[in-house]
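The exercises below are meant to be worked through with the model open beside the text. Each task is followed by a solution that goes step by step.

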Amino acid sequence: MARMRKKSDLPSKTCATCGKPFTWRKKWADVWDQVKYCSERCRRSKP
């Protein structure tokens, strides 16, 4: 059985658009190095 992690133990980044911190998500596991935005809304309104 997989061991659960606390949210505070997950890696985090700062969004390039809004500047807010966001944490790792399972769907980003393969592309975490390329993720720059916290949401689709921020990605669409990039500077």
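Helices (H or I, at least four residues) and strands (E, at least two) are DSSP runs, numbered from the N terminus. The model is predicted, so local features need pLDDT of at least 70 and side-chain atom pairs count only at pLDDT 80 or more, while totals for chains, interfaces and linings use all residues. Residues are numbered from 1 along each chain as its sequence is written, and side-chain values use heavy atoms, with hydrogens and water left out.

**Exercise 1. The chain as a whole**

Determine how many helices and strands the protein chain has, and in what order the elements run.

Step 1. The protein chain has one helix and two strands, and from the N terminus on these elements run β-β-α.

Step 2. Strand β1 covers residues 12-14, strand β2 covers residues 21-23, and helix α1 covers 40-44.

Step 3. For the overall extent, the C-alpha trace of the protein chain spans about 40 × 20 × 15 Å along its principal axes.

Step 4. Burial is read from relative accessible area, where buried means under 20%, exposed over 50% and partly exposed in between (1.4 Å probe, protein chains only). Buried residues make up 19% of the 47 residues in the protein chain.

Step 5. With contact taken as heavy atoms within 4.5 Å, 14% of the contacts between residues at least 6 apart in sequence join residues at least 24 apart.

**Exercise 2. The aromatic rings**

Find which residues are linked into a cluster by ring pairs, and describe the geometry of the pair formed by Phe22 and Trp28.

Step 1. A pair of aromatic rings is described by the distance of the centres and the angle of the planes. Rings of Phe, Tyr and Trp (its six-membered ring) pair if their centres lie within 6.5 Å, and planes under 30 degrees apart count as stacked, over 60 as edge-to-face and the rest as tilted.

Step 2. The structure holds three aromatic pairs. One of them joins Phe22 and Trp28, 5.6 Å centre to centre with 75° between the planes, and is therefore edge-to-face.

Step 3. Both partners are buried, Phe22 with a relative accessible area of 7% and Trp28 with one of 12%.

Step 4. Ring pairs link Phe22, Trp28 and Trp32 into a cluster.

Step 5. A charge sits over a ring if NZ of Lys or CZ of Arg is within 6 Å of the ring centre and within 35 degrees of the ring normal. The charged end of Lys13 sits over the ring of Trp32 in this way, 4.6 Å from its centre.

**Exercise 3. Lys46 and Arg41**

Work out where Lys46 lies relative to helix α1, and whether Arg41 is buried or exposed.

Step 1. Lys46 lies in the segment after α1 and, at 48% relative accessibility, counts as partly exposed.

Step 2. Apart from its neighbours within four places in sequence, Lys46 is in contact with Thr17 and Tyr37.

Step 3. Lys46 and Ala16 are 30 residues apart in sequence and 7.7 Å apart in space, C-alpha to C-alpha.

Step 4. Arg41 lies within helix α1 and is exposed, its relative accessible area being 68%.

Step 5. Arg41 and Lys27, 14 residues apart in sequence, are 17 Å apart in space, C-alpha to C-alpha.
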